[in-house]
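Please have a look at the sequence and the structure, and then read on.

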Amino acid sequence: LYAAQQDGRIVRIGPDNRIDTFADTGGRPLGMDFDGNGNLIVADAWKGLLSIDPQGAIRVLSTEADGLPFAFTDDLDIASDGRIYFSDASSRFSQPDYMLDLLEARPHGRLLRYDPATGKTEVLLDGLYFANGVALSQNEDFVLVNETYRYRITRFWLKGEKAGSHDIFIDNLPGMPDNLQGDRAGTFWVALPSPRKPVADFLHTQPWLKSLVAKLPRQFWPKATPYGLVLAIDENGQIIESLHDTSATHLRMITSAKPVGDYLYLGSLDNDRIGKLKIK
């Protein structure tokens with residue numbers, strides 16, 4: 001099991017629970033997945049899109065698209081043809097200032113695609129409200145991207161008569177969607193770090209008040225509700241299961257949910273552990 005740390009390290013946990021450092025990006029690694037050649041592809045909030053070989057050597061794949069540098073490379077998924085779909089959450093605010101992006105509520109996010117055969121990065125969608133988790137469908141006919149601060153998931157069509165167009169896959173979610181992971185069997189797992197808060201919804205209707213809040217010390221800003229929440233959504237955009245830790249004693253502020261075999265592995269920005277839940 002590979003896990004990203006806040007200090008820039010990516011650690012590897014073996015079958016005996018022994019933990020060692022696989023690589024250190026010197027940045028803030030977020031979404032990760034392995035490509036067909038055994039390289040760990042990493043969306044690093046500071047460094048861009050990275051490739052780390054099995055020996056831990058780091059290579060930078062992409063840091064900009066259409067002349068605009070990435071400010072917050074966030075999550076990714078890899079297609080069967082090797083192309084990498086990934087998100088730049090915000091072109092304006094970097095990772096430590098993600099709450100400022102929430103308060104401003106402007107569409108600074110992008111969905112991108114990197115082609116390892118050409119080394120080129122193209123923009124598939126821009127104008128997204130904090131582009132976060134990314135996941136391909138079972139048949140790779142569409143790709144999803146979370147718009148965290150709009151409580152929704154957007155779908156971009158890759159194949160068929162709708163290819164090149166986009167629509168809303170699911171809207172009005174009960175929390176802010178963070179990471180997004182497909183099992184390539186028809187189910188998407190969505191991690192929601194916090195349920196929706198009435199105060200945050202109210203602030204969006206009062207720009208002048210948000211401007212005042214942004215000037216206050218951060219201890220006075222809205223805070224996430226301690227809660228553990230993960231949704232399972234089918235390819236028709238229907239919620240088919242929800243998992244809750246209402247007490248937030250086991251896991252809280254869940255930011256990633258990765259299905260592997262019979263288990264779901266759960267990461268977080270606010271826990272000192274990784275969750276493992278049997279789902280089959």
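## A glycine and its strands

G133 is found in strand β14, which covers residues 131-136. Strands here are DSSP runs of E with at least two residues, helices are runs of H or I with at least four, and both are numbered from the N terminus. This is a predicted model, in which local features need pLDDT of at least 70, side-chain atom pairs count only at pLDDT 80 or more, and totals for chains, interfaces and linings use all residues. Residues are numbered from 1 along each chain as its sequence is written, and side-chain values use heavy atoms, leaving out hydrogens and water.

Is G133 buried or exposed? G133 is buried, and its relative accessible area is 0%. For this term, buried means under 20% relative accessible area, exposed means over 50%, and partly exposed lies in between (1.4 Å probe, protein chains only). Leaving aside residues up to four places away in sequence, G133 touches D75, L144, V145, N146, D178, N179 and L180; a contact means heavy atoms within 4.5 Å. D75 is 58 residues from G133 along the chain, yet their C-alpha atoms are separated by 5.2 Å.

Now let us turn to strand pairs. Strands of a sheet pair through backbone hydrogen bonds, either parallel or antiparallel. Two strands count as paired here if DSSP finds at least two bridges between them.

| Strand pair | Bridges | Sense |
|---|---|---|
| β2 (residues 9-13) and β3 | five bridges | antiparallel |
| β5 (residues 40-44) and β6 | five bridges | antiparallel |
| β6 and β7 (residues 58-62) | four bridges | antiparallel |

Take the pair of β2 and β3. Three strands make up an open sheet with antiparallel pairing, in the order β1-β2-β3. Its edge strands are β1 (2-4) and β3 (19-24), each pairing on one side only. On average, neighbouring strands of this sheet are turned by 30° against each other, direction ignored; the angles run from 0 to 180 degrees between N-to-C directions, with axes as lines fitted to C-alpha atoms, for helices over the stretch in contact. Opposite R9 stands D24 in β3.

Strand β6 (residues 48-52) is mostly covered, with five of its five residues buried. A hairpin of three residues leads from β5 to β6, and V42 has L50 in β6 as its bridge partner. On the β7 side, I52 has I58 as its bridge partner. The hairpin of β6 and β7 has five residues between the strands, and there G56 takes a positive phi near 95°.
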